[in-house]
Amino acid sequence: MIGQEVAKKILRQSFDEQRLAQSYLFYGPSGVGKEMAAFELAQALNCTGVEAPCGVCSQCQKTVSFNHPDLHYVFPVPHPSSESDKKKLAEEIAELLAQKAEKPYLSLDFDRPVAISIDDIRALQAKLSLQPYQGRKKVVIIIKPEAMTTEAANAFLKTLEEPSPTTNFILVCDKPNALLATILSRCQKIRFMRLDKTAVIQNLEERHGLDPAQAKMLASLNQGSLGQALEMMELDLLEERRMAGDLLRAGLEKKYAEMMETIDLASGEKGRPQRVLELMSAIALEALHPEPEASPEILSLARLLTEPQLNRITANMELARTALNRNVTPRLCLMAACSPDIIKEEL
């Protein structure tokens with residue numbers, strides 16, 4: 001985990017002095033190390049090595065491979081519609097966790113709406129009623145607790161209010177304001193900041209073998225999120241960057257036929273609409289303040305883009321991202337990003 005010196009200092013000191021809180025809320029932007037910190041703390045709580053977390057003992061290894069019986073990893077999942085769907089979903093989750101064990105920065109994405117349901121919390125409560133099986137502590141890591149249904153959040157609050165001394169909770173949250181105030185009040189909050197762009201570039205070059213140009217592009221696109229940069233690293237972004245540039249240009253020039261043609265291409269693949277939105281935002285920023293070595297594409301857009309237009313584009317991106325998170329169709333969200341005046345009311 002790079003950066004986050006304040007968060008690391010607080011947690012290390014609390015651990016060394018044996019005064020860890022029973023419930024933590026790690027909050028901040030996506031992909032800046034919150035989940036990695038949660039797993040390092042989970043390892044430390046049950047580590048049998050000389051200096052915790054050692055990362056090599058069986059307790060540490062089982063934790064990061066999702067095989068520790070005392071680690072309970074809760075995250076938003078789709079609601080199964082039948083017993084056969086439930087079995088299929090379990091297989092999909094197992095496959096995603098196996099991939100994440102190999103590449104911890106991967107997001108657990110599904111192609112349908114997700115939530116943390118009351119059934120998920122009841123299943124967790126049943127497991128927490130038992131004593132630790134192999135480790136000293138049961139550790140509960142909840143990803144995106146803001147995705148709990150109202151019923152689930154109220155049930156989880158009761159668990160936080162009457163915790164077992166052998167259980168520690170770590171909530172990993174992008175949007176703390178979306179949580180119940182009563183849940184927030186029962187957690188010690190640790191803030192995680194956006195990473196320095198230079199540190200992200202250095203990590204991508206030195207630890208992941210990217211050339212300087214690729215590392216710089218990914219760092220710029222992801223605005224201090226190493227996790228998102230690593231996810232993008234495995235994709236061929238050149239075609240998506242071209243789409244984003246075409247959409248931005250078509251919107252600025254009001255060429256709606258070209259815009260719709262590109263939107264149809266961009267909205268046809270899982271995860272692509274989000275990436276195209278981020279690329280559009282990054283390209284707009286580059287075009288407003290182009291560097292001397294900027295590409296012809298950027299210099300051409302720079303002649304079209306003004307400060308007020310950038311402000312409008314930024315607002316459009318936020319509108320479209322919010323709509324995507326609410327499961328509005330990607331095609332409509334991309335249309336809103338390019339021409340919000342036409343369909344703003346529909347979102």
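**The lining of the largest cavity**

Tutor: Sorted by class, the residues that line the largest cavity are eight nonpolar, two polar and one charged, where Ala, Val, Leu, Ile, Met, Phe, Trp, Tyr, Cys and Pro count as nonpolar, Asp, Glu, Lys and Arg as charged, and the others, including Gly, as polar. This is a predicted model, in which local features need pLDDT of at least 70 and side-chain atom pairs pLDDT 80 or more, while totals for chains, interfaces and linings use all residues. Residues are numbered from 1 along each chain as its sequence is written, and side-chain values use heavy atoms, without hydrogens and water.

The lining is made up of Leu 247, Leu 248, Gly 251, Leu 252, Met 280, Arg 312, Ile 313, Asn 316, Met 317, Ala 337 and Cys 338, each with an atom within 4 Å of a cavity point. A cavity here is a set of points on a 1 Å grid over the protein atoms alone where a 1.4 Å probe fits but cannot get out. At least two lining residues come from each of helix H11 (237–253), helix H15 (307–325) and helix H16 (330–338), a helix being a DSSP run of H or I with at least four residues.

The largest cavity has a volume of about 60 Å³, taken as the space filled by probe spheres set on the points, which are joined across faces, edges and corners. The count of cavities of 30 Å³ or more is one.

Since Cys 338 is part of this lining, disulfides deserve a word: the whole structure has zero, a disulfide being a pair of cysteine sulfur atoms within 2.5 Å. The sulfur of Cys 47, for example, has its closest cysteine sulfur, in Cys 54, 3.5 Å away, which is too far for a bond.

Terms used:
1 Å grid on protein atoms, 1.4 Å probe; cavity = no way out; pocket = protein on both sides within 12 Å on 5 of 7 lines; lining within 4 Å.
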